[in-house]
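Please look through the sequence and the model below before reading on.

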Amino acid sequence: MTEMVNVAVDAMGGDHAPGEVVKGAVDAVNADPRVKVFLTGRESVIKKELAQYTYKAEQLEVVHAEEVIETGEPPVMAIRKKKDSSIVKAMYMVKNGECDALVSAGSTGAVLVGGQVIVGRIKGVERPPLAPIIPNIKGVSLLLDCGANVDARPSQLLQFAKMGSVYMESVIGIKNPRVGLVNIGVEEEKGNALTKEAYPLLQNCPEINFIGNVEARDIVYGGADVLVCEAFVGNVVLKMLEGVSGALVEKIKAGMMSSTRSKIGALLVKPALKKTLKGFSTEEYGGAPLLGLNGLVVKTHGSSKANEIKNSILQCIAFKEQKINQKIKEQVVLDH
């Protein structure tokens, strides 16, 4: 019998909590019998939402947590003071081995701090990177780091590359993934002090398939499977991609509605366009894992709707079944 994957979900975190979070959790357990969800948060509120749905009771449980960490709160202080918050309760469930993973659309700072302080890093991992999947015209790439380490050292970028390679090969199924260093030019000598020092470390690492520098414009064309950078650059890249894709969709819709002829054309291309745009939607790929921790922590967008919550929960299954943490220990830490 397949072992269940237990996922703690912060039901109170995010712009659309608890409604969309609860719906996403229900959709996840209805989609896959291998997952059990523990919704942490105010029990009465969560149960009121759950009353709308049909699901297998043995796959979903509510864990009461009275407090909520708001997005604007100082993360370190909030984690220390609000022990009975939905995020902290979920973190401790992962730390204590009750759950394999945590999913939250709540405060990014609290998730990052809680992941490192409560769940803890794998011994030997210098800094856990936040690693979202981003779509490109060929498929997807993994961008790391995009939010956890604004200032990183060259040795940390090397670890990011190793962890990203493990994730892409084992979870996404890309064999021998191409690793690129995000930079302002493809030449080896280009970049700042960090990229110049990191380049030879990546180049001389036999565990990864390093292809050199990748410019930002090549990211959307699938220039590399694993994109390595510090969080300042990564976050700018991620937010720019999200902004441009959203703006393009709005412009396309406006153009299609601009005349009777274009409206007729829109009806003809709508199915193909919808399928294409779906492939570029970040919500289809779930949240961003914080790699290198003793358990899996997944951060989803604060604006996440049910579909992204569902996909974030389901991605935890592959993470456990593929023994990602064990592989990180073997390939990243032992030769550190």
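With which residue does E61 form a salt bridge, and how far apart are the closest N and O atoms? The partner of E61 is K36, and the closest N and O atoms lie 3.1 Å apart, where a salt bridge is a side-chain nitrogen of Lys or Arg within 4 Å of a carboxyl oxygen of Asp or Glu. E61 belongs to strand β3 (residues 60-64) and K36 to strand β2 (residues 35-41), so this pair ties together parts that are 25 residues apart in sequence; helices (H or I, at least four residues) and strands (E, at least two) are DSSP runs, numbered from the N terminus.

This is a predicted model, in which local features need pLDDT of at least 70 and side-chain atom pairs count only at pLDDT 80 or more, while totals for chains, interfaces and linings use all residues. Residues are numbered from 1 along each chain as its sequence is written, and side-chain values use heavy atoms, with hydrogens and water left out.

The structure holds 14 salt bridges, and the table gives some of them.

| Pair | N to O distance |
|---|---|
| D32 and R34 | 2.7 Å |
| E43 and K47 | 3.0 Å |
| E61 and K36 | 3.1 Å |

E43 and K47 are 4 residues apart in helix α2 (residues 43-50), which separates them by about one helical turn. An α-helix has 3.6 residues a turn, so residues three or four places apart point the same way.

Turning to the sheet, 5 strands form an open sheet with mixed pairing, in the order β5-β6-β9-β7-β8, where two strands pair if DSSP finds at least two bridges between them. β5 (133-136) and β8 (209-214) stand at the edges, each with a single partner strand, so one side of each is left without a neighbour in the sheet. The strands β5 and β6 (residues 139-144) run antiparallel and are joined by 4 bridges, and N136 stands opposite G139 in β6.

Another helix, α4 (residues 86-95), is mostly covered, with 7 of its 10 residues buried, among them I87 and M91. Just after α4, G97 takes a positive phi of about 85°.

Methods. Buried means under 20% relative accessible area, exposed over 50%, partly exposed in between (1.4 Å probe, protein chains only).
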